[in-house]
Amino acid sequence: MILRISLILLALLAIANTRSVKNYETSKRELEEYIRDKKKDIDPRFRPHYHLAPPVGWMNDPNGFSFVMGEFHLFYQYYPYDSVWGPMHWGHASSPDLVHWKELPTALIPEDEQCFSGSAVGDSNTMVLMYTAHSATDTRPYYNETQYLAFSTDGVNFDKHRGNPVLARAPNGSPDFRDPKVWGRGRYWYVVIGSKTDDERGRVLLYRSTDLLNWEFLSVLAESDGDLGYMWECPDFFELDGKWVLLMSPQGVEEKGDRYKNVYQNGYIIGDFNYETHEFVPEVEFQEMDYGHDFYAAQTLEKEGRRYAVAWFNMWNVTHHEAEDGWAGMMTTVREMRLFNNRILMKPVETTVNLRQEPKLEGQLYLNEVVEFGQAVELFIDADLDQKIELHLDGRSGALSKVWLRWDPQVGKVVVDRGDGDVRQVEWEPIGSRTWRILLDASSLELFCGEGEVVFSSRVFPLGGWRLTNLSPQPVNMLSYSLRRSVAD
Ligand code: FRU
């Protein structure tokens, strides 16, 4: 793999156009100065302590989630100039352990193209980004999407390939052709790309290449039968515990009872895949990955046999309450994934324990008893699942500052209720542990039930610390740690 990437790099460097590279470098320098300056205007009240958020401005999808050059990298869709979506850049952070994140200079800035979502591959010397160039056109639908490469030898500064695009057109010519996720196997690179059919059904396309530059279309990996939306964004495709998982973010799936209540969905299909025929045979129907209010565009990476996921901790077309503070959007905690009984289990990455601060608080909380915490807390709750549980987390002020967590043994559902009917709920059948693990930060809640069979990620906006009241008709056992800061403030 090392040889392949390094050779490409030499070829790319040889044809780089030095004059436009210079302009690009100047724009990048000016942007970093702007970010440094603008940071002073941010209101910190909702800034996360241990979730990655943009230094200023807007963040959406995780991109290029990878382990390259001895570090984890997490790029993201970024618009630095306002806390709403705008011409897309790639923000960048790196981490030694998936919980401590260091801000790095903006990796990609838009020129003729916007830098939409994509992925990263590399080795100890070189990193290659493959991303979607979203460009304006004169004719309907007034945009087109192709795939670009950019590369780096230091993991910080990226040059766009001068021979872009490397993949110019979906087989059916659809202008919606985006979010490449690349991986290597044997002598080939493979990529999955989100797209749609001519009659507006979401689909995922599979390609392969020996050099990342020339791509051969292999198959339509999967497509919506009509019920799974009109566009599949941000696909990812990987083996997990002996099965294949097609993870994607379908747009246009209709709400069904408790399911699909967010504006867009994020979920997966489990099946089998054959590298000879390039055929994916689905075995289990689409399931949501996370049941909370704010979870989208998840991307994964594999390291030493473990598969980690991270997602955009927001949703499209909802109010982003932090936007008035000069920033918007953050990442979920990184989770480790396992497959069990045809369902993905998600647990906070093991290194989350490194955020814990002593002393821990331990004890029983009786009905109506209250306990107060700071903004960044990890909680373990144990109670009798044959009886009801109700916990109230009060952030004391403003919109979306209160949340109720419930369990009703009669219906067997866990409920996350942000008030005013803003409820997410799902059946839970513990397969082992019966503990709830809750991660609270300055504007978020993540609830992991049991072994991670059911997970909710929801944004909530407390002012100051958290106040927890036990409203259950039973005492609950509680263990808590306050968590230390692991991201820039
Ligand atoms: C998903 C998405 C991607 C696209 C990016 C643009 O949230 O719409 O499909 O590449 O965001 O910012």
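User: Quick one to start: is Lys196 buried or exposed?
Analyst: Lys196 counts as buried, at 9% relative accessibility, where buried means under 20% relative accessible area, exposed over 50% and partly exposed in between, with a 1.4 Å probe and protein chains only. This is a predicted model, in which local features need pLDDT of at least 70 and side-chain atom pairs count only at pLDDT 80 or more, while totals for chains, interfaces and linings use all residues. Residues are numbered from 1 along each chain as its sequence is written, and side-chain values use heavy atoms, with hydrogens and water left out.

User: OK, which side chain does Lys196 meet in a salt bridge?
Analyst: The partner is Asp176, at 3.4 Å from N to O, a salt bridge being a side-chain nitrogen of Lys or Arg within 4 Å of a carboxyl oxygen of Asp or Glu. The two residues are 20 apart and link distant parts of the chain, with Asp176 in the loop between β8 (159-160) and β9 (177-185) and Lys196 in strand β10 (residues 188-196); strands here are DSSP runs of E with at least two residues, helices are runs of H or I with at least four, and both are numbered from the N terminus. Asp176 is also buried, with a relative accessible area of 7%.

User: Which residues are joined into one network?
Analyst: Salt bridges that share partners connect Glu145, Asp176, Arg178, Lys196, Glu200 and Glu233.

User: Switching topic, how many helices and strands does the protein have?
Analyst: There are two helices and 33 strands. The protein is as compact as a globular protein of its length, because its radius of gyration of 22 Å is close to the 23 Å that the globule rule gives for 489 residues; the radius is taken over C-alpha atoms, and the rule is 2.2 Å times the number of residues to the power 0.38.
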